[in-house]
Amino acid sequence: RELPETLFGAGLYQDWLEAGQCEGNQERMDAVWNLLQHDQLQRINYKNIQYFFKFLHEVSLLGDRNKMSASNLAIVITPNVIWECEEVSDPMDVGVNSGLARVVELIISQYNWFFQNDASLHSWDHQLPAMLQSNFILPPTPTTTDYTNLATPQSAKQSTSPLPNTR
């Protein structure tokens with residue numbers, strides 16, 4: 001958010017807004033594709049978008065575990081990657097942010113389509129030593145049974161939220 005200019009190109013703000021207001025999904029995809037290829041979007045910004053959105057796409061693929069779907073990520077990320085530089089606008093304006101969030105969500109969820117013609121980026125573990133790469137395993141997903149069998153007797157359970165433990 002502290003970048004001097006938005007990652008999505010300061011001069012393209014109105015175009016991104018229009019892309020978010022497109023009715024059909026294919027129409028929106030075409031508009032976003034054209035904006036990603038636009039001459040006003042600096043090449044370094046494009047590369048940063050490609051790298052950052054690959055990460056976001058991979059996070060969204062684990063949405064069943066981390067609760068961060070493409071939609072949830074877009075809500076959080078949108079105000080940090082695109083904003084209007086010339087005018088003072090309310091970053092909490094729901095009408096504006098929902099259209100822009102649709103664009104960001106689309107790029108996250110359709111990452112492979114938008115960057116299909118670009119050289120693929122390395123996997124995230126490409127710099128790990130070889131012995132760690134083969135042993136790199138995601139931590140197990142907790143199940144609801146992990147939380148239901150707490151050491152609290154049934155009679156002591158309440159319907160209110162528990163108090164936090166001291167550290």
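Colleague: Let's start with one side chain: is Lys54 buried or exposed?
Modeller: Keep in mind that we're looking at a predicted model. Buried is anything under 20% relative accessible area. Lys54 has a relative accessible area of 11%, so the word for Lys54 is buried.

Colleague: And which side chain meets Lys54 in a salt bridge?
Modeller: In general, side chains of opposite charge can pair when their charged atoms come close. A search of the whole structure turns up 1 salt bridge. Its N to O distance is 3.9 Å, and the partner of Lys54 is Glu58.

Colleague: Now for Arg28: how far away is the nearest side chain of opposite charge?
Modeller: Arg28 sits in helix H2, which covers residues 25-36. Arg28 is buried but has no salt bridge. A salt bridge needs a nitrogen and a carboxyl oxygen within 4 Å. The nearest side chain of opposite charge is Glu23, at 6.4 Å.

Colleague: What is Arg28 in contact with, leaving aside its neighbours within four places in sequence?
Modeller: Arg28 touches Ala19 and Gly20, and also Cys22 and Glu23. Further along the numbering, the contacts of Arg28 include Arg102 and Leu106.

Colleague: How do H1 and H2 run relative to each other?
Modeller: Two packed helices are described by the angle between their axes and the distance between the axes. For helix H1 (residues 13-20) and H2, the axes are 8 Å apart and the angle is about 160 degrees. Angles over 145 degrees count as roughly antiparallel. H1 and H2 are therefore roughly antiparallel.

Colleague: Which residues make that contact, and what is the handedness of the crossing?
Modeller: H1 brings Asp15, Trp16, Ala19 and Gly20 to the contact. From H2 come Arg28, Ala31, Val32, Leu35 and Leu36. As for how H1 passes H2, the crossing is left-handed.

Colleague: Let's move to Val104: how far is Val104 from Gly20 in space?
Modeller: Val104 is in helix H6, residues 94-109. Val104 counts as buried because its relative accessibility is 1%. Leaving aside neighbours within four places, Val104 is in contact with Phe53, Ala74, Thr78 and Val81. Val104 and Gly20 are 84 residues apart in sequence, yet C-alpha to C-alpha they are 8.9 Å apart.

Colleague: What about Leu3 and Asn80, how far apart are they in space?
Modeller: Leu3 belongs to the segment before H1. Its relative accessible area is 46%, so Leu3 is partly exposed. Leu3 and Asn80 are 77 residues apart in sequence, and their C-alpha to C-alpha distance is 9.2 Å.

Colleague: Where is Lys67, and what is its phi near?
Modeller: Lys67 is in the loop between helix H4 (63-66) and helix H5 (70-81). With a relative accessible area of 59%, Lys67 is exposed. Phi is positive in this residue other than glycine, near 65 degrees.

Definitions and conventions. Residues numbered from 1 in each chain as written. Predicted model: local features only at pLDDT ≥ 70, side-chain atom pairs only at ≥ 80, totals over all residues. Heavy atoms only, no water. Helix = DSSP H or I, 4+ residues; strand = E, 2+ residues; numbered from the N terminus. Buried < 20%, exposed > 50% of the residue type's maximum accessible area, 1.4 Å probe, protein only. Lys, Arg positive; Asp, Glu negative; His and termini not counted. Contact = heavy atoms within 4.5 Å. Axes fitted to C-alpha atoms, helices over the stretch in contact; angles between N-to-C directions. Parallel < 35°, antiparallel > 145°, perpendicular 65-115°, else oblique. Left-handed = near helix turned anticlockwise from the far one by under 90°.
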